[in-house]
Amino acid sequence: MSSVPNHGRAPAGLILRLLAGAASLALMAGAAQAQTTEHDEDTEVEEFVVSGTRNLPGAVIGDIAPELSISPREIRAYGAGTVTELLDALAPQTTSGQGGGRPVVLINGARTSGFSEIRDLPTEAIARVDILPEEVSLKYGYPAEQKVVNIVLRQRFRAWLAEGIGQAPTQSGGGQSVAAHGGLLKIEKGRRLTLDAKVTQVEPILESERDVVDGEGAFRTLAPGSTDVTLNAVLAQPLGRGVQGTVNGTFQSTDTKSRLGQSSATGEPLIRKSQVEDGRLAGVLSGAYAGWQWSTTAEVSRDVSKSNTDRALAALAYTDWTRAVTTSAQTDIVLNRAFGDLPAGQISSTLTGRLSTMELESDALRAGLTQSSDLTRNIGQVQASFDVPLTRAGEGLGEKIGKVSGNLNLGLQNLSDFGDLATVGGGLNWTPVKPLRVMGSFSRTDQAPTMNQLGDPVTATPGVRVFDFARGETVEVIRVTGGSRDLDGGQRDVLKLGFSYKPFEKTNLNFQANYVSTRTEDAVVAFPSASTQVEAAFPERFRRDADGVLVQVDARPVNFARQSRDELRWGFTYSRPVGPTPTPEQISAMRRARAEAAGGQGAATTPGQPPREGQPPTGERPPREGGGPPPPSAGGAGPGGFSGGPGGGGRGGGGGFGGFGGGGPRGGVFQVGLYHTLAFRDDVLIRPGLPKLDLLDGGALGAGGGSPRHQIDLQTNYTRAGLGVAMNAKWQSATHVDGGTASEDLEFEDFATVNLRLFADLGQQPIAREHRWLRGARATLSITNLFDSRQDVRTPAGITPISYQPDIMDPVGRSVRLTVRKLIF
């Protein structure tokens with residue numbers, strides 16, 4: 001059994017005692033406050049009402065303001081059809097330097113059963129999107145490693161979805177894909193039903209279809225062909241007594257087929273076939289009791305992956321195969337409550353308990369030898385987070401320094417195969433003046449390798465091209481991948497300092513900056529490129545023949561002694577409305593006119609039909625001046641953080657794309673966002689006694705070169721009268737890799753890509769007056785890598801190595817995608 005080395009971390013017993021004491025204090029305080037006098041109850045109700053006037057419906061827990069709030073009109077400008085596409089478009093705003101990956105996604109300020117619950121939601125059903133800093137994730141039982149995206153849904157929505165997608169590279173031959181997508185979404189009175197199905201077919205790209213020197217033509221694929229089927233169903237509804245429930249079931253099947261070269265035994269292509277089937281059932285319950293807000297989730301999943309790989313050794317042909325089955329189950333509970341009476345306010349607490357189990361069974365046949373593995377991991381976890389108000393704005397010390405609050409978070413995990421892992425963190429949140437917020441935080445987290453990193457079946461892939469820095473040549477090797485039982489655990493320290501600033505009250509201009517410093521001891525990483533430094537550190541992972549030619553690389557994960565990175569990411573977002581914005585009086589007049597036209601029924605829209613351009617859906621107001629988030633009545637949430645409830649809109653109101661969020665007749669929006677990431681330090685100590693790898697100056701971990709010192713992300717959107725354009729661009733500075741001698745170095749030039757999306761809401765065009773079936777229809781033309789850019793890689797002599805040919809590094813290049821989408825209300 002592996003163990004986590006002690007790098008000066010707090011003892012697990014101390015962490016456990018602190019957690020137990022903190023939880024007991026919060027529970028006792030909660031019980032005491034549940035027995036308040038009648039006067040106290042009245043006070044609590046009054047405070048809740050006052051708070052309700054300050055916070056938008058569906059807002060997250062706590063007092064940390066969003067870094068960015070996006071209104072329906074601004075959402076339209078991205079041209080995204082689903083939540084998944086919207087999050088992809090928002091990547092520059094949701095990227096975190098703390099290494100947590102995809103952001104935590106909430107619905108109406110509440111936890112979800114998982115990302116699959118929201119990934120297929122059409123953007124027309126969204127009333128507001130809030131992007132919040134990593135510290136907010138602590139309030140929902142997650143580590144402070146990911147930003148938080150809170151999606152507030154509309155109170156009424158009903159629509160069927162039909163969508164067809166076709167995509168193809170502009171280079172002739174291979175890579176074309178087609179997809180069909182259908183779904184249903186109903187939201188009404190806190191009840192939400194989602195049914196979704198999607199089928200995608202992708203054609204392979206052969207070397208013969210691209211400009212590849214010394215290639216194998218039709219015997220090798222540069223990109224595999226695949227078929228993917230995805231089914232998703234979600235049901236959320238009130239269960240009574242303030243309890244809300246959600247259940248989500250998903251199934252996905254993916255088949256891929258690739259060619260690995262010509263067989264020396266049969267003369268036919270070597271084929272690899274892979275099949276992955278994933279099934280998942282999850283649920284979430286949430287409610288309130290005796291002053292506590294609680295939510296609990298449960299999930300079971302089963303993933304089966306299989307592969308068959310043709311191999312050849314001289315005249316002998318044979319087949320390797322692998323099979324891996326991962327079965328997992330998890331349940332947790334998160335409790336939130338304010339307790340204690342400090343001069344600046346009450347302490348907010350979040351208590352989390354989580355249990356999970358996972359089993360990984362794998363079998364493999366490799367070169368006639370069978371290997372089997374059966375790993376099981378059980379995890380018990382407790383976590384507590386406390387937000388303590390230190391000063392109140394305008395009172396006492398707060399008159400001079402503003403509002404200050406602190407956070408303390410503690411966590412302990414017990415892994416059945418790895419022992420105890422502790423987490424300790426804390427931070428400060430300071431608002432000296434209303435437009436400015438400053439935050440600082442520190443966390444120390446023990447880490448363990450994943451089950452897959454330990455137990456994935458070992459697979460050997462022949463004919464993989466790599467650049468051998470030791471000899472300055474491109475060779476074809478056998479690349480071994482899979483899990484490694486020799487991995488150890490590590491420890492990660494993260495320091496973050498950041499601020500956000502909104503200089504003008506009526507102008508939607510926001511500045512953000514975050515400095516993040518990360519240190520990881522005994523980091524578990526994917527095996528790096530075949531550089532001379534890496535081979536010196538792991539000579540057993542490289543095999544050469546009698547002539548010194550590299551023939552095999554064992555690329556299973558390894559531990560590095562230390563990884564260090566310091567970066568500053570800063571930028572701004574700006575948006576403004578385009579075109580006329582109606583006043584509340586004009587909105588009321590339009591509603592009365594429509595009600596009279598509908599026979600005096602008082603309905604501003606026909607049930608299930610979208611409002612017309614410039615008219616907010618029933619029960620909603622237009623967005624505020626400057627394109628900010630809508631006022632509380634727009635897209636609000638009912639009790640418990642779920643949408644719906646009385647007074648929230650017309651009967652069964654659906655909505656057409658472009659009809660949401662007001663914006664005035666033919667109104668639109670212009671947006672721009674610009675972010676710059678500057679890396680001050682990015683280095684790796686592979687093993688003690690070896691020199692550090694400076695990824696900013698000659699070092700590399702992957703085949704893509706070193707780490708760029710500068711990266712710039714630009715995003716701009718414009719939409720008006722149902723027509724829109726969205727553009728995002730990314731540029732990174734040049735890097736180089738030192739191979740040991742000048743003739744073996746590689747230069748990676750700076751690299752930029754631009755993506756463009758043009759879209760038209762056909763229901764808002766004049767032709768729709770005569771063809772009403774166009775209502776809810778949209779056509780989108782997307783061009784990925786508009787200028788067909790490929791990174792240029794050369795040796796000092798100006799030669800491009802075979803493995804770095806542009807069509808090998810990026811066989812797709814520029815591609816064009818046409819999407820035709822229809823919402824049927």
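Helices here are DSSP runs of H or I with at least four residues, strands are E runs with at least two, and both are numbered from the N terminus. What you see is a predicted model, where local features need pLDDT of at least 70, side-chain atom pairs count only at pLDDT 80 or more, and totals for chains, interfaces and linings use all residues. Residues are numbered from 1 along each chain as its sequence is written, and side-chain values use heavy atoms, with hydrogens and water left out.

**View A. Met451 in helix H7.** Met451 sits in helix H7, which covers residues 451-455. Met451 counts as buried because its relative accessibility is 3% (buried is under 20% relative accessible area, exposed over 50%, partly exposed in between, with a 1.4 Å probe and protein chains only). Pick out Asp417 too: 34 residues along the chain separate Asp417 from Met451, and their C-alpha atoms are 9.9 Å apart.

View B. The whole structure holds eleven cavities of 30 Å³ or more (on a 1 Å grid over the protein atoms alone, a cavity is a set of points where a 1.4 Å probe fits but cannot get out; a pocket is an open set with protein on both sides within 12 Å along at least five of seven lines; lining residues have an atom within 4 Å of a point). The largest cavity takes up about 160 Å³ (the space filled by probe spheres set on points joined across faces, edges and corners). Its lining runs to 20 residues, and those nearest the centre are Thr95, Lys147, Asn514, Arg569 and Tyr675. Two or more lining residues come from each of helix H5 (91-94), strand S23 (508-525) and strand S26 (558-578). Sorted by class, this lining is made of seven nonpolar, seven polar and six charged residues (nonpolar is Ala, Val, Leu, Ile, Met, Phe, Trp, Tyr, Cys and Pro; charged is Asp, Glu, Lys and Arg; polar is the rest, Gly among them).

**View C. The second largest cavity.** This one has a volume of about 130 Å³. It is lined by 17 residues, with Leu68, Tyr78, Thr573, Tyr574 and Gln671 closest to the centre. The class count for the second largest cavity is eleven polar, five nonpolar and one charged.

**View D. Leu674 on strand S27.** Leu674 belongs to strand S27. With a relative accessible area of 33%, Leu674 is partly exposed. Now find Pro92, which is 582 residues away from Leu674 along the chain: the C-alpha atoms of the two are separated by 8.3 Å.

**View E. The second largest pocket.** This open space has a volume of about 1,200 Å³. Of its 46 lining residues, Thr84, Glu85, Asp88, Arg757 and Arg817 are closest to the centre. Split by class, the pocket lining comes out as 20 polar, 14 charged and twelve nonpolar residues.

**View F. A salt bridge across the chain.** Side chains of opposite charge can pair when their charged atoms come close. The structure has 37 salt bridges (a side-chain nitrogen of Lys or Arg within 4 Å of a carboxyl oxygen of Asp or Glu). Here Arg492 pairs with Glu145, and their closest N and O atoms are 3.8 Å apart. Arg492 itself counts as buried, at 11% relative accessibility.

View G. Arg392 and Glu395 form a salt bridge whose closest N and O atoms are 3.2 Å apart. Arg392 is partly exposed at 35% relative accessibility, and Glu395 is partly exposed too, at 44%. Also look at Arg681 and Asp683, whose side chains meet in a salt bridge at 2.7 Å, N to O. Arg681 is partly exposed, with a relative accessible area of 26%, whereas Asp683 is buried at 11%. Elsewhere, salt bridges with shared partners link Glu207, Glu216, Arg220, Arg465 and Glu476 into one network.
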